[in-house]
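Biologist: I've got the chain up on my screen and I'd like to know what stands behind the labels. Can you take me through them?

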Amino acid sequence: MADNDLDYNIESDESSFIDDIKNTNDQEDTSVGKIANFVEGKYSKAEDARQNDETRWLQAYRNYRGLYGPDVQFTDTERSRVFVKVTKTKTLAAYGQVIDVLFGNNKFPLSVDPTTLPEGVAESVHFEANPKAEQGIDELKKAFSKPTFSPDNTLEPGDTMESIRSRLGALKDKLEPVEEKLIEGPGTTPTSITFHPALVAAKKMQKKIHDQLEESGANKQLRLSAFELALFGTGIMKGPFAISKEYANWDEGGEYNPTIKTVPSTSNVSIWNFYPDPDAANMDEAEYVVERHKMSRSQMRALKNRPFFRKNAIDLSLNMGESYTKKWWEQTMEEAEHGSQAERYEVLEFWGFVDREILEEYDIDIPKELKDAEQLNVNIWICNNEVLRLVMNPFKPSYIPYYAVPYEVSPYSFFGVGIAENMDDTQTLMNG
């Protein structure tokens, strides 16, 4: 990865990826074989499996917007076509309740707490504030100190046990003046002063994470997911990824010298663009996920600045022209009469587990360190039948970076049930 890459810093030079094609004049991309057909096949299977869900979502959308479907016909004598928006009122009420629970303290709903038995940091330390108690410090240290080696091992000549200073975490500098008096464990006398290094370290980490999430707009993304959670029954979040964010900065001479910081980033994925493994009932069982993107020409070119994207393959895909075709539900929701074509590119992002034999069948060069693996977790981007990116999953341990939460669990189905679907019969009676 180049030094100036500004996205997905989690992916380092150690990641295994597929090289770019030599130039845009190549008629065949021999380095990836027919892997684009493999992704298209998975996408088509997932799309066919969720057609019934799309029908449910479209009906929920109509009830929320107050729109009659094509199955409702009015006679000439029926002048009033009032739609009583009971569904909208109930959906917004449920959405408000979910938001109150998530953002009750006006912060991203994430907390960091120390484990019951913290590792690497002392749970608590204390020292005696009474000068008369200093005489017994050595005896107390022997009584409270715990060996950091296993009972089966003994200290060899020259070996030393881990010092208490190395287990103070964020309080190391603050407690340096009384380091010699510190005893691990909580104080047992009225004159002892107790500190909790593990708790302080956890809360400092929590504060830093909240600050970074606030800078990346995570609150807004979670609110969007919560809305679809209430309306359609499933909310989806993606990430977290480590991205580099540019902060405006001018030096004393008036020159623009931006500051680049790495921050975590999470994003909302619309349920309409989410195509999970149709044989899975939840994300833990999913073998793969395909996300559908609608990108402009400038967005496609911006992919070149991200690591492991194949620049020549992107140029070749751009030269083929716009390829985005609106789905049947898109045309219905937009209430537009113009054509189904859009001046955009349809890009499919695949995350999932693939058998090693399948990649070898499609002429993918497997890295030596992964030759013995039975299945590999990969990330593939395709557009216009061109592979824009193919990289081994950079997460360790490997996992699919999507989280799907149902409002009400639907038995034997990946997608949940929302307020609008539960209100369907009531809405029909009100309109009748």
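Modeller: Let's start with pairing: two strands pair if DSSP finds at least two bridges between them. Strands (E, at least two residues) and helices (H or I, at least four) are DSSP runs, numbered from the N terminus. Bear in mind that this is a predicted model, where local features need pLDDT of at least 70 and side-chain atom pairs count only at pLDDT 80 or more, while totals for chains, interfaces and linings use all residues. Residues are numbered from 1 along each chain as its sequence is written, and side-chain values use heavy atoms, with hydrogens and water left out.

Biologist: What makes β7 and β8 a pair?

Modeller: 8 bridges join β7 (residues 288–295) to β8 (residues 345–355), and pairing asks for at least two, so they pair. The two strands run antiparallel, and Arg292 stands opposite Leu348 in β8.

Biologist: Why are β6 and β10 called edge strands?

Modeller: The open sheet has the order β6-β7-β8-β9-β10, with antiparallel pairing. β6 (274–276) and β10 (386–392) each have a single partner strand, so one side of each has no neighbour in the sheet.

Biologist: What lies across that sheet?

Modeller: Helix α1 (residues 35–49) lies across β6, β7, β8, β9 and β10, at about 95° to β8. Helix α8 (residues 311–319) lies across β8, β9 and β10, at about 150° to β10. Contact here means heavy atoms within 4.5 Å. The angles run from 0 to 180 degrees between N-to-C directions, with axes fitted to C-alpha atoms, for helices over the stretch in contact.

Biologist: How do you know that β4 pairs with β5?

Modeller: 9 bridges join β4 (residues 234–247) to β5, and the rule needs at least two, so this counts as a pair.

Biologist: What makes Lys238 and Glu349 a salt bridge?

Modeller: A salt bridge is a side-chain nitrogen of Lys or Arg within 4 Å of a carboxyl oxygen of Asp or Glu. The closest N and O atoms of Lys238 and Glu349 are 2.8 Å apart, so the pair qualifies. Lys238 is in strand β4 and Glu349 in strand β8, 111 residues apart, so distant parts of the chain are linked. By this rule the count comes to 13 salt bridges.

Biologist: Why is Asp53 called buried, but Arg56 partly exposed?

Modeller: Buried means under 20% relative accessible area, exposed over 50%, and partly exposed in between (1.4 Å probe, protein chains only). Asp53 has 11%, so the label is buried; Arg56 has 23%, so partly exposed is the label. The two form a salt bridge, with the closest N and O atoms 2.6 Å apart. Both lie in helix α2 (residues 51–65), 3 residues apart, about one turn of the helix.

Biologist: And what makes Lys304 and Asp315 a salt bridge?

Modeller: Their side chains meet at 2.4 Å, N to O, which is within the cut-off, so the pair counts. Lys304 lies in the loop between α7 (297–302) and α8, and Asp315 in helix α8, so parts 11 residues apart in sequence are tied together. Lys304, at 21% relative accessibility, counts as partly exposed, and so does Asp315 at 23%.
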